[in-house]
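Visitor: Good morning. May we look at a protein together, please?

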Amino acid sequence: MPKKIRCSLTDCKAVAQRISGDCAFCGGHYCSNHRLLEDHKCQGLEDCKKEAFEQNAMQLNKERTQVIRGV
């Protein structure tokens with residue numbers, strides 16, 4: 001039987017959640033209480049916010065209504 005992965009947070013001894021507990025920004029494995037970026041004080045939080053902002057800005061520009069002026 002494979003060894004259970006523990007939460008990467010130093011003071012936490014809980015078992016890390018599979019898939020939903022894996023952080024793509026810092027590479028850590030976290031339990032259900034610490035899986036969110038804010039909860040485990042992820043070093044990649046600012047990068048995540050910046051990436052989300054850029055994606056939203058691109059989507060808004062793509063959906064922007066174009067004004068067509070008559071001749």
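Visitor: What radius of gyration does the protein have, and what would a compact globule of 71 residues have?
Guide: This is a predicted model. The protein has a radius of gyration of 19 Å, whereas a compact globule of 71 residues would have one near 11 Å.

Visitor: And what does the C-alpha trace span along its principal axes?
Guide: The spans are about 75 × 25 × 15 Å.

Visitor: How many helices and strands are there?
Guide: There is one helix, and there are zero strands. The helix is H1, covering residues 45-63.

Visitor: What share of the residues is buried?
Guide: Buried residues make up 20% of the 71 residues. The protein exposes about 6,500 Å², and carbon and sulfur atoms supply 52% of that area.

Visitor: Is Ile 19 buried or exposed, and why?
Guide: Ile 19 counts as exposed because its relative accessibility is 73%, and the cut-off for exposed is over 50%.

Visitor: What about phi at Lys 41?
Guide: Lys 41 is not a glycine, yet its phi is positive, at about 50°. Lys 41 also lies in the segment before H1, and with 66% relative accessibility it counts as exposed.

Visitor: Lastly, how far apart are the mean positions of the positive and negative charges?
Guide: The mean positions of the 12 positive and 9 negative charges are 5 Å apart.

How values were computed. Residues numbered from 1 in each chain as written. Predicted model: local features only at pLDDT ≥ 70, side-chain atom pairs only at ≥ 80, totals over all residues. Heavy atoms only, no water. Helix = DSSP H or I, 4+ residues; strand = E, 2+ residues; numbered from the N terminus. Rg over C-alpha atoms; globule rule 2.2 N^0.38 Å. Buried < 20%, exposed > 50% of the residue type's maximum accessible area, 1.4 Å probe, protein only. Areas by Shrake-Rupley, 256 points an atom, 1.4 Å probe, with all protein chains shown as cover. Lys, Arg positive; Asp, Glu negative; His and termini not counted. Charge placed at Lys NZ, Arg CZ, Asp CG, Glu CD.
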